[in-house]
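Biologist: Hey, I'm new to this one. Could you walk me through it?

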Amino acid sequence: MDDIAGLQGQLESAGYIAESALAATLLLTLDLGRPLLVEGDAGVGKTEIANAFAKVRNARLIRLQCYEGLDVHAAMYEWNYQRQLLAIKLLEQDDRPLADKEKDIFSEAYLLKRPLLEAISCEESPVLLIDEVDRADEAFEAYLLELLSDFQISIPELGTISAITRPLVIITSNGTRELSDALRRRCLYQFIEYPDFAKELAIVKIKAPQAAEQLARQVVAFVQQVRRMELQKKPGIAETMDWTAALLRMGITVINDEGAERIIDTLSALIKTREDRTGFTPDVVARIAATC
Amino acid sequence: MLTVAALEQSNVGTQLLTRIAGFTGFLQANGYGVSAADSVDIVDVAAQTGALDQAILRWNLKSLLCNRYEEWQRFDALFDAYFLPPNIKVFVQSDVAIGTPEETTTGDGDSTRESSATPENAKIDETRAAQYSASREENLSSTDFSELNQADQARKVEALMRRLARRLKHLNLRREVRSQRGRRLDLQGTIRQSVATGGTPLRFAWKTRRRVRPRLVLLLDVSRSMNAYSFFYLRLARALCNELADVHCFIFHTRITGVGEALRDPDPWRAQERLSVLAAGWAGGTRIGGCLQDFNREQGARLVHSRTGVLIVSDGYDTGDTALLADALGTLRRRARRMVWFNPLLNQPDFTPVARGMRTAMPYLDLLAPGADLAAIERVLPQLIESLR
């Protein structure tokens, strides 16, 4: 229990408010050396976990952003062809044996390290963040599985590169595609909900210390209300922070039903689709504001 | 690796550890995808982190044993049921199944007899169907899912779905991948290969359009007016689920329920059992609008993207609010790539879309297709594939 509270404190000083359950899971990832799969709605702070955890452990954060069509060359390694070609031309005058030249051209100097190779060749164990893994396709997922079980990459021209230290792997997913059971089985799992009032208030206080206590409370109460509405895109924590900044910029220090008109001007920071925006008439805003 | 046997010799508390090890079995009985290896893991973890603190044990086991959100949601209740006094094994039902099996068996067996009618000889009188469909009540009688495993039609259905799946494989994307042959030169790859020949590009690398299959979302109406066709479509859905990976199947009547996992179950009898639990309310009334709205809210953002084809199977008899239906269909239509509606009644010669729901839906559809039997679907297949392109 002390470890958990300790980690929570450290995460907090790194700017991340974690529940005890999350802290316990992070400790467990360290103990078991397994990757952690984090799921949850967009904007609940999945990626931020990796940032904060890297800060706490004083480790490097290596980030691999997944996208549709991500392939091995973009994720693992690639040869620097241009330099290789240049080297070939330059070496033509050289009268060293051919085998030596070839060794030279396929040496690490010409290897472009992409995030995954980078992560396993670090001296000190880094935090590897594989962001939005559901955007990459199944083939890449299979490749990832292989890496996560052996922590080695084989490069035909160079041989097998094994991990010096094991990276701490955090995988996030938005659930746009169902992940394979094999990947899920290898990972610890954590689902992050939208924060409750107390947690979000703590986050606002940490991230926007210039906002007065009363405003922070009202902002969080307002956002919590908005999340309960039927919206296409519910505001995440980032939106809350943006909105707080927008309110401060406009010089609004208190949210009440009289200032509804001015609040509406700032809502573009909170509400991100046209359909949702049409629902926020002055009456609606005034009603929500009155309850804050 | 610490085994249960090794732990029993140590004095950490044998009873406690066997109890913890038994937790995986309990979760398995509740439909979790856990294995024997997991029970070794959790005993291991419990021994390392201390099993006496209830909160830590709960958090650790939760992240270790849950694999997806549904399991995550149900975990705490199951944990309490297993570990907390008075330690009675209560099977906590997932929130999709409302009635317990005991409850659902009571009631009339009418629906079972009706559902045995094959689609070929089922010509449902529209007025009768309308009369039946005008109920908001859920049907609590149990449904006989043994029809699902009948062999007579199964092979034909599978063959048709295989054809559909094969045709869907040929839909191309703009994104390109490297390939042996292709239409466009892959410069990067060519230079890469030319390294082997001293910088002279002797062999070319090519790029070709990447092939991609659209995601399919099936929404099957299993209300009473659709009774004669429900099993037929469920069979189609199962065959399609077996052919394609990215198919998501839901049934709806007064509620909407995901049945993808149950349909994919390799054991046909287990699939039957799981379905009969999920299908509480089968052959009851219809609330298409409400169900679609639920779908939009709970699954829409996750499942429906710009390459998703939504296939709705329904006769359009709806007791709900048409404005609600129009609203839900509009939202779904904006998210999805294509929306196709199969209406089994469309085959009848004097059919006009008089049903309220059908009339409301028309503006949102890319294709309205007849679908009373296999032959009708076969005929409409080219159009369907074209519309998913």
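Modeller: Strands and helices here are DSSP runs numbered from the N terminus, a strand (E) being at least two residues and a helix (H or I) at least four. Two strands pair if DSSP finds at least two bridges between them. Bear in mind that this is a predicted model, where local features need pLDDT of at least 70 and side-chain atom pairs count only at pLDDT 80 or more, while totals for chains, interfaces and linings use all residues. Residues are numbered from 1 along each chain as its sequence is written, and chains are lettered from A and ligands numbered from 1 in the order in which they are written.

Biologist: OK, and which residue is the bridge partner of Leu128(A) in β8(A)?

Modeller: Val169(A) is the partner of Leu128(A) there.

Biologist: What else does β8(A) pair with?

Modeller: Strand β1 (residues 36-40) of chain A pairs with β8(A) too, in the parallel sense over 4 bridges. In that pairing Glu39(A) stands opposite Ser173(A).

Biologist: Why is β8(A) largely enclosed by the rest of the structure?

Modeller: Because 6 of the 6 residues of β8 (residues 168-173) of chain A are buried. Buried means that 20 or more other C-beta atoms lie within 10 Å of a residue's own; exposed means 12 or fewer, partly exposed is in between, and the C-beta atoms are placed from the backbone.

Biologist: Which residues of β8(A) point which way?

Modeller: Leu168(A), Ile170(A) and Thr172(A) point one way, Val169(A), Ile171(A) and Ser173(A) the other, and all are buried. In a regular strand the side chains alternate between the two faces of the sheet.

Biologist: What does Ile171(A) touch?

Modeller: Leaving out residues up to four places away in sequence, Ile171(A) touches Pro35(A), Leu36(A), Leu37(A), Val38(A), Ile130(A), Val133(A) and Cys187(A). Contact means that the C-beta atoms, placed from the backbone, lie within 7 Å.

Biologist: And the largest nonpolar core, how many residues has it?

Modeller: That core has 89 residues, and Ile170(A), Ile171(A), Val219(A) and Ile42(B) have the most contacts inside it. Helix α11 (residues 213-228) of chain A gives the most to this core, with 7 residues. Another core, of 64 residues, lies apart from it, with Leu164(B) and Ile256(B) among its residues. By nonpolar core I mean a set of buried Ala, Val, Leu, Ile, Met, Phe, Trp, Tyr and Cys residues joined through C-beta atoms within 7 Å.

Biologist: Switching to chain B, how many helices and strands has it?

Modeller: Chain B has 17 helices and 9 strands, and buried residues make up 39% of its 389 residues.

Biologist: What order do the strands of the open sheet have?

Modeller: The order is β6-β5-β4-β7-β8-β9 (chain B), 6 strands with mixed pairing. β6 (256-258) and β9 (367-370) are the edge strands, each pairing on one side only. β5 (residues 247-252) and β6(B) run antiparallel with 3 bridges, and Phe252(B) stands opposite Ile256(B). By contrast, β7(B) and β8(B) pair in the parallel sense over 5 bridges, with Val310(B) opposite Met339(B).

Biologist: Is β8(B) mostly covered or uncovered?

Modeller: Mostly covered, with 6 of its 6 residues buried. Arg338(B), Val340(B) and Phe342(B) are on one side, and Met339(B), Trp341(B) and Asn343(B) on the other.

Biologist: How many residues does each chain bring to the contact between A and B?

Modeller: Chain B brings 24 residues and chain A 25 residues. On the chain B side, α4(B) gives the most, with 6 residues.

Biologist: At what angle do α2(A) and α4(B) pack?

Modeller: Helix α2 (residues 20-32) of chain A packs with α4(B) at about 65 degrees, their axes 9 Å apart. Those axes are lines fitted to C-alpha atoms, for helices over the stretch in contact, and angles run from 0 to 180 degrees between N-to-C directions. Residues making this contact include Ala24(A) and Leu28(A) of α2(A), and Ile56(B) and Trp59(B) of α4(B).

Biologist: Last one: is Ala290(A) buried or exposed?

Modeller: Ala290(A) is exposed, because it has 12 other C-beta atoms within 10 Å. Ala290(A) is found in helix α15 (residues 282-291) of chain A, and touches Asn256(A) and Asp257(A), not counting residues up to four places away in sequence.

Note on methods: Contact = placed C-beta atoms within 7 Å.
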